[in-house]
Amino acid sequence: MNKISAILLLVFACLSSFAQEVDEKEKEKALKSSTNLTWDANKALSEDNFVAAEVDYRKAIAKSGENSAAPYNLGNAYYENETYNEAFGRFKEAGEASTSKADKHKAYHNMGNVFMKRKDYAKAVEAYKEALRNDPTDEETRYNLALAKELLKKDQDENKQDQDDKDKDKDQDEDKGQDKKDEGENEDKKDQGDEGDKGDEGDKDEEKKDDNKEGEGDNKSDQKKKPEQGEGDNEQEQQQPRPNQLSKQQVENLLRAMQNAEKKVQDKIDAKKVKGAKIKNEKDW
């Protein structure tokens, strides 16, 4: 390495050191200005002048990112005004800017408080745990952590009960739907059975109609046969013999002739009995 190069390196080292020194001075100056603005904001806030306090806190934060007090105090101001979203953002900023465990503890403790206001108990538990990691001796943080755990468990139990109730209602709705479906199927079967019965009745009615038609056919055939016997008054038809029938007088004559014939036959039989009989006048020896 020649002398020129050595000189140049020495110059660069000096310049770098000078720049760092200047930068450190600028940071110190910015931090001092930021701290002064923070004090002004604190004073305005103590006088209930929130608008002025907010303006000074914002200026202090913009001046130096190393001033964790400004975002922390502004977060407290938002928290008191119940503007919890803005408060959480500022507490988180303060926790990231803090270099001491004490400042980190306060930032995470207050983040836990914001989560409690939101009823986001799971995140509150984590925030309080982080705060205790930075200061295990703080009893207020420990109490808040226990409370957050208890509320979280209660919330989980309620959610579980709500889900169980929903599942139960869903099952009941499904059972009702199944019952209605079964009723509908039974009604369909009943309707089909009624239609079948109506069909049977219809068949029976058809059979009756067919029988009636056949009967009517027979009656009609009888009606066709009767006119062939001739037309006349009813009395004349009763007095005049029909084919293959005898009148009353003919029947009486026939009976009388049969009786006379039977008498003649009987007389002949009796006469033969008299002639054939042997008369004994003497005794037998």
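Contact here means heavy atoms within 4.5 Å. Ala, Val, Leu, Ile, Met, Phe, Trp, Tyr, Cys and Pro count as nonpolar, Asp, Glu, Lys and Arg as charged, and the others, Gly among them, as polar.

A quick word on the source: this is a predicted model, where local features need pLDDT of at least 70 and side-chain atom pairs count only at pLDDT 80 or more, while totals for chains, interfaces and linings use all residues. Residues are numbered from 1 along each chain as its sequence is written, and side-chain values use heavy atoms, with hydrogens and water left out.

Helices (H or I, at least four residues) are DSSP runs numbered from the N terminus. Their axes are lines fitted to C-alpha atoms over the stretch in contact, with angles from 0 to 180 degrees between N-to-C directions.

| Helix pair | Axes come within | Crossing angle |
|---|---|---|
| H3 (residues 69-80) and H4 (residues 84-97) | 8 Å | roughly 160° |
| H4 and H5 | 8 Å | roughly 160° |
| H5 (residues 101-117) and H6 (residues 121-134) | 8 Å | roughly 165° |

With its crossing at roughly 165°, H5 is therefore roughly antiparallel to H6 (angles over 145 degrees count as such). H4 and H5 are also roughly antiparallel to each other. H4 passes H5 in a left-handed crossing, meaning that the near helix is turned anticlockwise from the far one by less than a right angle. The crossing of H5 and H6 is left-handed, and H3 passes H4 in a left-handed crossing too.

On to the H4 and H5 contact: Phe-88, Phe-91 and Lys-92 are among the H4 residues there, and Met-111, Val-114 and Phe-115 are among those from H5. Its class count is nine nonpolar, two polar and three charged residues.

Now for the rings. The whole structure holds four aromatic pairs (ring centres of Phe, Tyr and Trp, its six-membered ring, within 6.5 Å; planes over 60 degrees apart count as edge-to-face, under 30 as stacked and the rest as tilted). Tyr-79 and Tyr-84 are an edge-to-face pair, because their centres are 5.5 Å apart and their planes at 70°.

Two charges sit over rings, meaning NZ of Lys or CZ of Arg within 6 Å of the ring centre and within 35 degrees of the ring normal. Lys-106 has its charged end over the ring of Tyr-72, 5.4 Å from the centre. Arg-118 has its own over the ring of Phe-88, 5.3 Å from the centre.

Conventions
Helices (H or I, at least four residues) and strands (E, at least two) are DSSP runs, numbered from the N terminus. Angles under 35 degrees count as roughly parallel, over 145 as roughly antiparallel, 65 to 115 as roughly perpendicular and the rest as oblique.
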